Amino acid sequence: TRKESSAASDVYKRQALGSLVTGLNYVVSVSVPWALGMVLDAGLEHGFTRELWIRLAVLTLVILGVALTQMAGQLTEIAVQMNAVATPARVAGRKLALDGRAVNRELESGDVVTSMLTDVDRIGQAALWIPEMVGALLSTVMILVIMFLTSPPLAWTVLIGLPIVTLLIGLLGKPLPVSYTHLTLPTTPYV
């Protein structure tokens, strides 16, 4: 219906905003070592000059940017998850209210409540994964750009070598023994 498509559109808008803010936070966070390196270079080469103070101001702005984007990221993360949880729950509740007798013939009432509580929470967790993935991709690209500007041979070594090393570690690493499986994180943020 029209309300359901409007709710889905809201989910996509919040998802896009969350991806943008998380990506911006990751990129700004990656800029901190670069800005710190510029401050150190200016201080070691020229001492306390105007250039050092300009680079210190840039470093301060980058750190302020990290704080602001982290704060905005937390707010959009909450909005993304709550909206991704509320929309399917609302749709399922509406369908249940409209066709309740048909559902009662096919399912036990406990099954309906259980699926509404667990499935929508999993949808919310999946919705949080998308902005994190976008942020990780953007920060990786930013790091590669900085590395190529600094040292192309080093950048090519990392670009080619890191996936190989990651693959080898994955192949050589053993899964956790069953005795460690109780150490997993809770799947719901309400615990």
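The model is predicted, so to speak of local features we need pLDDT of at least 70, side-chain atom pairs count only at pLDDT 80 or more, and totals for chains, interfaces and linings use all residues. Residues are numbered from 1 along each chain as its sequence is written, and side-chain values use heavy atoms, with hydrogens and water left out.

Now some terms. On a 1 Å grid over the protein atoms alone, a cavity is a set of points where a 1.4 Å probe fits but cannot get out, while a pocket is an open set with protein on both sides within 12 Å along at least five of seven lines; lining residues have an atom within 4 Å of a point.

How many cavities of 30 Å³ or more are there? The count is 1. The largest cavity holds about 50 Å³ of space. Its lining is Gly 18, Thr 22, Gly 73, Thr 76, Glu 77, Leu 128, Pro 131 and Glu 132. Helices H1 (2-46), H2 (50-98) and H4 (109-150) each give at least two of the lining residues. By type, that lining has 2 nonpolar, 4 polar and 2 charged residues.

On to the largest pocket, with a volume of about 160 Å³. Among the residues lining this pocket are Thr 140, Ile 143, Val 158 and Thr 166. H4 and helix H5 (152-172) each supply at least two lining residues, and H5 has the largest share, 5 residues. Here the lining splits into 6 nonpolar, 2 polar and no charged residues.

Definitions and conventions: Grid points are joined across faces, edges and corners, and a volume is the space filled by probe spheres set on the points. Helices (H or I, at least four residues) and strands (E, at least two) are DSSP runs, numbered from the N terminus. Ala, Val, Leu, Ile, Met, Phe, Trp, Tyr, Cys and Pro count as nonpolar, Asp, Glu, Lys and Arg as charged, and the others, Gly among them, as polar.
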